[in-house]
Amino acid sequence: MTDYAQLIDDVEARIQNGGQITTEEAHVLLRVPNEYLMRLTAAADRVRIHFKGNAFDACSLINAKSGHCAEDCAFCAQSAKHSSDCQIYGLVSGDEILKAAEDASQFGASRFCTVTSGGALSEKDFDDLLLTLSRLKKEVDIALDASLGFLDESRAKRLSQAGVSRYNHNLETSRDYFPDICSTHSFEARVNTVETVKKHGMSVCSGGIIGLGETENQRVALAFTLAELGVDCVPINILNPRPGTRLAQQEPLPPMEIVKTVALFRLILPSATIKIAGGRETNLRDFQGLAFRSGANGMIVGGYLTTAGRCVDDDLDLIRQAGFELLRG
Ligand code: SF4
């Protein structure tokens, strides 16, 4: 019989001393009985404090080009293969992006991310956006992220030169579950973009979305792949099923399942920033505060790509009440 208390204590001590949790241990801890769940979350919280202190990374984003994507990601309202009610528009103006960045800077966000739908932008849109990003770098006091789909070497270099310091490209789910979620591009194509970003000196933001019908083992397999890739920031999105998508009828994950996943991601990725991203409010409901004392140290504030978030002041209050301090840059 597994001695869960001993296992949790051993894993925590090893990680704090620079060691790692094994895949086998993570699989055992996925099945942690309820009475040990808080011991697991407390251990993950201490690991977070040990490696990251109380600095909290709150980023804000703009959906700068929405919908009409040729890819077929099963969860995504922006795929043209789905008949969702998501808004469809081309690249918004530079002024609009600048205004959103100024707002984010004013409310105290750590970073501002410009996101566009689709596999990659056209040359013209990419060039226009580069000019906007260079302008943001000069005029707004906030760290710049971008999430513009697949990147080649030349685009990665130009983004880095324009002042983008972090690039987001999620792996979405585990390597072996990915073909169930997307058939129009491969998991490897996503990994290649992550590696290209690293090569050009930008920090990597890459995570995924849980609750897609993956097994618990597949969930932690994603975390282990992200650890192997050495990513800096890991957004954990939680499926909020969108009408019209292939996963519209997917059962939501119970809040405690999400909290346990956050704790295991922290143990697998001890020095990464772990962000709770889209789906936070609807899925965690009354347990949001607990999730931020279970290993997470970041969130997306002010709304997501195709869904609204909650009031920014409520989120900032939650961050303070949970004992964190907002990171700038
Ligand atoms: S997740 Fe990105 S690539 Fe996939 S369908 Fe949505 S916008 Fe397109």
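Q: What makes strands E3 (residues 143-147) and E4 a pair?
A: Two strands pair if DSSP finds at least two bridges between them. E3 and E4 are joined by 3 bridges and run parallel, so they meet the definition of a pair. The strands themselves are DSSP runs of E, at least two residues long, and helices are DSSP runs of H or I, at least four residues long, both numbered from the N terminus. The model is a predicted one, in which local features need pLDDT of at least 70 and side-chain atom pairs count only at pLDDT 80 or more, while totals for chains, interfaces and linings use all residues. Residues are numbered from 1 along each chain as its sequence is written.

Q: Why is E4 described as mostly covered?
A: A residue is buried if 20 or more other C-beta atoms lie within 10 Å of its own, exposed if 12 or fewer, and partly exposed in between, with C-beta atoms placed from the backbone. In E4, 4 of the 5 residues are buried.

Q: How do you know that E7 (residues 233-238) pairs with E8?
A: DSSP gives 4 bridges between these two parallel strands, against the two that the definition asks for. Lys 275 in E8 is the bridge partner of Pro 235.

Q: Which way do the residues of E8 (residues 273-276) point, and are they buried or exposed?
A: Thr 273 and Lys 275 point one way, Ile 274 and Ile 276 the other, and all are buried. In a regular strand the side chains alternate between the two faces of the sheet.

Q: How do you know that the length of H1 fits a helix?
A: The expected span is 1.5 Å times one less than the number of residues. For the 13 residues of H1 (residues 4-16) this gives 18 Å, and the end C-alpha atoms are 18 Å apart, so the two agree. After H1 comes Gly 18, with a positive phi near 95 degrees.

Q: What makes one face of H1 the buried face?
A: The buried residues of H1 are Ile 8, Val 11, Glu 12 and Ile 15. Viewed down the axis they fall within an arc of 100 degrees, so they line one face of the helix; the arc is that of the directions from the helix axis to the C-beta atoms. Exposed Gln 6 and Ala 13 sit on the face turned away from the buried side. The cover over the buried residues includes helices H2 (23-30), H3 (34-52) and H10 (255-268).

Q: How do you know that H5 has a buried face as well?
A: In H5, Leu 129, Thr 132, Leu 133 and Leu 136 are buried. Their arc is 105 degrees, so they line one face. The face turned away carries exposed residues, among them Glu 123, Lys 124 and Lys 138.

Q: Why is Leu 133 called buried, and what does Leu 133 touch?
A: Leu 133 has 22 other C-beta atoms within 10 Å, so it counts as buried. Two residues are in contact if their C-beta atoms, placed from the backbone, lie within 7 Å. Not counting residues up to four places away in sequence, the contacts of Leu 133 include Thr 114, Leu 144 and Val 164.

Q: What makes the phi angles of His 68 and Glu 172 worth a look?
A: Most residues other than glycine have a negative phi. His 68 has a positive phi of about 60 degrees, and that of Glu 172 is positive too, near 75 degrees. His 68 is in the loop between E1 (55-65) and H4 (94-107), and Glu 172 in the loop between E4 (164-168) and H7 (178-181).

Q: Why is His 68 called partly exposed but Glu 172 buried?
A: His 68 has 14 other C-beta atoms within 10 Å, which puts it in the partly exposed class. Glu 172 has 24 C-beta neighbours inside 10 Å, so it is buried.
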